[in-house]
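Hi,

Here is the two-chain model I promised to pass on. Have a look at it first, and my notes on what turned up follow below.

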Amino acid sequence: MLFHTWTFAVFLAIVLPGYFLLRNTRLWIAWLMLASYVFYGWWNPYYLSLVLYSTVLDYCLVTLMERCPRQDAGSDASGRRLRPRFDDRMLKGAFVGAILSAAGLLALAVLGPATLRPAASGLGMLVLLMALGAFLGSRRIWLFISVFNNLALLLFFKYGGFLVDNVNALLAWVGLTTALPDPATLMPYGFTYLLPVGISFFTFQSLSYTIDFYLGKVPRERNFVRFATFVCFFPQLMAGPIERARHLLPQYQAFPEVRLSNFTDGASLFLVGLFKKLALANYLALYVDRIYGNPAACDAPALLMATFAFTWQIYFDFSGYTDMARGVAKIMGFNLILNFRNPYLATGIGDFWTRWHISLSSWFKDYVYIPLGGNRRGKLLTYRNLLVTFAVSGIWHGASWTFLIWGLLHGMGVMVTRKLERSGFYRERVPKLAKQAWVFAFVCFAWIYFRAASLDDALLIVRRIFTAPWHDPQAPLLMLLMVGLVWLYAFLYESPWREILKRAPLRIATAVCMILYLCVFASGGGSFIYFQF
Amino acid sequence: MAPEPIIKQGEGLLVTNEQRLSLRQWAVALVLVALVALVTPRLWRHIERFDTGADYRIPYQLSNDYWLFEWRLQQTAAAKPIVVLGDSVVWGEYVKADGTLTHFLNRQAGQPERFVNAGVNGLFPLSLEGLVRHYGGALRQRKVIVVCNLLWLSSPKADMQDDKAQDLNHATLVPQFFPNVPSYQADASARLSAVIGQHVGFFAWANHLQYVYFNQQSLTRWTLDGDPNKPLCHPNTYKNPLSQITLTVPSGVADDAARGPGSARHKPWTADGSHTSAFEWVNLDSSLQWAALQRAVGLLRARGNHVLVLVAPFNEPMMTGPDRDAFRNLRDGIGAWLDQQRVAHIVPESLPSELYADASHPLTGGYELLARRIYQDEGFRAWYLAGP
């Protein structure tokens with residue numbers, strides 16, 4: 001279900017009254033959970049089982065983790081290996097249950113129908129690990145299972161095809177005749193092998209909860225419904241922002257205080273998001289798709305212009321979704337974390353990453369960069385950590401080498417400019433506009449790899465930008481005018497003239513123009529770019 | 001890497017813009033939008049030039065411009081001519097505007113504008129019902145001829161009973177939720193969008209703008225109009241979109257080169273050595289198209305219209321013997337239902353086969369003969385002379 005469809009309007013028209021009617025009962029949270037599952041299941045009801053599976057498993061793992069003592073896992077493990085007596089009934093039950101389940105699943109993997117064997121063996125191994133976790137009473141094993149399980153889901157559904165293709169190509173290159181099977185053949189009962197919408201978002205959100213609990217940053221959420229709503233809260237389920245348990249779960253403890261301003265602010269956010277998506281992103285996509293669809297036929301100015309257009313398209317598309325998500329949540333009384341802060345006005349590449357997809361970059365900072373050592377182990381390791389984090393961030397966006405290169409480009413950009421950006425010269429002597437211009441140019445260049453259909457296409461585009469002749473790019477004036485107006489608005493917002501934008505007539509006129517433009521001129525439809533991630 | 005991004009309660013909401021309206025500002029904005037939405041379409045009818053005249057028919061390229069269709073009906077409301085509703089048989093797929101059924105009916109009547117061609121190309125009974133329901137309000141209390149083209153009952157596919165999805169011409173007019181039309185498989189959002197479009201006149205007007213001035217597409221698509229296979233072939237790129245709005249509805253004469261006796265298409269169906277075709281006539285009881293036509297007739301009568309149903313003569317020589325029998329049974333069944341409902345109707349005999357371009361569309365001579373036959377029909381004359 002997409003925010004900019006009438007289906008969503010009807011969905012919301014049912015969900016909101018129900019939500020507010022239930023405010024004095026304990027059912028409001030269950031209503032939100034149910035609504036979220038309907039929202040997700042609308043896309044593909046079968047894949048809802050993945051969200052449920054991930055939720056149930058992480059809930060159970062954290063419950064079991066809580067039963068284990070906070071002490072060194074090594075000594076704890078050796079003690080238990082010698083003396084496997086359970087002093088905790090839940091762990092004992094988990095051990096027995098896991099052993100029985102593992103036996104059943106492994107038997108199914110060997111003797112059951114062929115279509116179930118891959119899934120049964122995978123699950124059997126996981127449950128066996130759980131038995132080990134219960135046996136050793138180790139928090140670390142529970143955490144490992146959660147990380148392993150969430151990453152395995154991602155790996156199979158998102159990167160399965162990519163990995164198999166590349167491994168098979170490698171095997172063929174070294175002369176081996178064996179080949180890995182197509183992941184689609186591993187699906188039970190011939191279910192379609194699809195990339196589940198939003199899988200990267202809900203797995204990361206769930207994962208952050210187990211890691212934070214392991215690290216002692218959040219308490220265990222005892223109420224399953226509340227936890228399930230945290231994992232699948234419909235405004236941000238498909239494309240973020242990726243919420244943290246310590247931010248969102250406390251908001252679920254009681255029905256939020258909803259004021260009139262929640263409605264007006266939420267509607268304001270939603271309108272801006274809708275305009276960004278339907279009027280701007282969809283328009284830019286028309287031009288970008290034509291040029292990037294056939295780069296060999298395009299000259300340098302058209303490729304440059306299309307890259308510039310994509311730079312704005314992806315921003316409007318993604319930040320538009322975030323605005324709508326935050327707007328809907330706001331109406332219900334929830335505050336979702338900020339995801340964008342005028343990123344194209346960044347004055348450094350590092351600064352760009354404090355403004356672009358903030359919830360993801362902070363996730364990678366907390367769960368990849370800092371665990372790797374962050375900047376605490378010397379310059380060389382800091383650079384390595386930065387590069388690894390950006391490479392992972394790149395590949396998170398999609399199963400393709402182009403995304404990896406995009407991530408690495410940004411990683412190298414941050415590495416190279418890190419010292420410069422912190423220098424007094426750069427901060428005080430270089431004009432702000434010049435800094436913004438060069439960062440924007442760099443970001444545009446990196447987007448080429450993000451948008452290109454293949455690595456070959458990306459390299460072709462870069463080559464043609466520098467070598468192809470210059471002819472009319474035929475970028476519509478209206479499109480450039482609209483982007484120009486948004487840019488001007490963003491500049492004004494970050495300038496001393498910001499007060500002008502707060503004037504009531506301007507706000508009203510802007511809202512009226514946006515609504516009328518959407519009704520009369522916008523072309524509807526189209527999914528969000530980040531849904532594929 | 002990024003700093004802590006969490007916004008705490010009460011802190012800045014938008015952080016990237018100031019487009020945050022208070023309740024009062026929202027109220028003002030919505031009132032302004034509502035005003036524009038209500039006034040503009042009405043005002044537009046005063047400022048846009050829409051030349052019609054005798055034998056006018058909605059131009060082919062504007063077939064989906066239902067706002068224009070509604071305007072056309074309103075335009076004729078004062079003179080109260082007889083409106084002939086139907087599909088491309090009424091519209092005149094192979095003939096020029098002066099070769100249509102309404103043209104020859106007008107000639108028979110001796111009045112150039114006694115009959116109005118309200119045929120819409122590509123329409124079928126399921127969409128005709130929607131057209132009448134949502135855009136036919138101006139027909140109230142008038143004489144209406146509904147032309148029933150049996151081609152739409154000639155197979156389960158034509159009747160839209162087929163489970164295979166079809167790309168429908170007037171998809172937004174068909175029943176979106178009830179009754180179920182198996183061949184129409186749009187998603188819920190498209191259906192809801194169609195329902196809202198049917199009820200909000202402003203959207204129909206916006207659609208009119210796109211159809212008339214932007215080559216039947218949104219403004220944004222129009223700026224990138226061109227050959228999709230040539231990435232850099234956008235003739236409208238630097239044009240001012242506002243200059244496109246010439247405030248004149250195209251007359252539709254230009255498309256007539258493909259129609260009329262001088263055109264290559266205007267020839268008997270046998271000219272290319274065509275043979276008989278197989279028809280899988282559906283049962284009247286289960287026919288979706290027939291049920292829709294029944295509902296359309298019922299709706300018109302409920303609105304005080306004086307309705308006459310013309311069962312368009314079919315090219316019977318195109319059928320094999322058993323198919324012809326089935327067809328006649330079907331036609332008789334329709335006649336019986338109309339009798340039973342006391343709906344005035346005419347079921348003319350088939351025209352000479354050489355006067356058809358295909359199974360159901362007559363050529364110019366066919367329309368002329370049909371108009372003559374209609375005029376000679378006693379039932380028609382009684383209906384014509386009675387009522388308003």
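**Notes on the model**

Asn215(B) sits in the loop between helix H7 (201-213) and helix H8 (219-223) of chain B. Helices here are DSSP runs of H or I with at least four residues, strands are DSSP runs of E with at least two, and both are numbered from the N terminus. Before going further, some housekeeping: this is a predicted model, where local features need pLDDT of at least 70, side-chain atom pairs count only at pLDDT 80 or more, and totals for chains, interfaces and linings use all residues. Residues are numbered from 1 along each chain as its sequence is written, while chains are lettered from A and ligands numbered from 1 in the order in which they are written.

Asn215(B) counts as partly exposed because it has 13 C-beta neighbours inside 10 Å. (The burial scale counts other C-beta atoms within 10 Å of a residue's own, placed from the backbone: 20 or more is buried, 12 or fewer is exposed, and anything in between is partly exposed.)

Leu247(B) isn't a glycine either, yet has a positive phi of about 60°. You'll find Leu247(B) in the loop between helix H9 (241-244) and helix H10 (288-302) of chain B. With 11 other C-beta atoms within 10 Å, Leu247(B) is exposed.

There is also a cis peptide bond from Phe178(B) to Pro179(B), with omega near -10°. Pro179(B) belongs to the loop between E3 and helix H6 (188-199) of chain B.

**The sheet in chain B**

Chain B has 13 helices and five strands. Five strands make an open, parallel sheet in the order E2-E1-E3-E4-E5 (chain B); pairing requires at least two DSSP bridges between two strands. At the edges are strand E2 (115-119) and strand E5 (344-346) of chain B, each pairing on one side only. From one strand to the next, the twist averages 20°.

Five bridges join E1(B) to E2(B), and the two run parallel. Leu85(B) has Ala118(B) as its bridge partner in E2(B). E1(B) also pairs with strand E3 (residues 143-148) of chain B, again in the parallel sense, over three bridges. There, Val84(B) stands opposite Ile145(B) in E3(B).

How many residues of E1(B) are buried? Five of the five are, so E1(B) is largely enclosed by the rest of the structure. Ile82(B), Val84(B) and Gly86(B) are buried on one side, and Val83(B) and Leu85(B) are buried on the other, which leaves both faces of E1(B) covered.

**Chain B overall**

Of the 388 residues of chain B, 43% count as buried. The C-alpha trace of chain B spans about 80 × 50 × 45 Å along its principal axes.

**Chain A**

Chain A has 23 helices and zero strands. Buried residues make up 45% of its 533 residues.

Between them, 15 residues of domain 1 of chain A are in contact with 14 residues of domain 2 of chain A; contact means C-beta atoms, placed from the backbone, that lie within 7 Å.

**Where the chains meet**

Which element gives the largest share of the side of chain A that touches chain B? The contact takes 60 residues from chain A and 47 residues from chain B, and H12(A) supplies the largest share of the chain A side, 12 residues.

Definitions and conventions
Axes fitted to C-alpha atoms, helices over the stretch in contact; angles between N-to-C directions. Contact = placed C-beta atoms within 7 Å.
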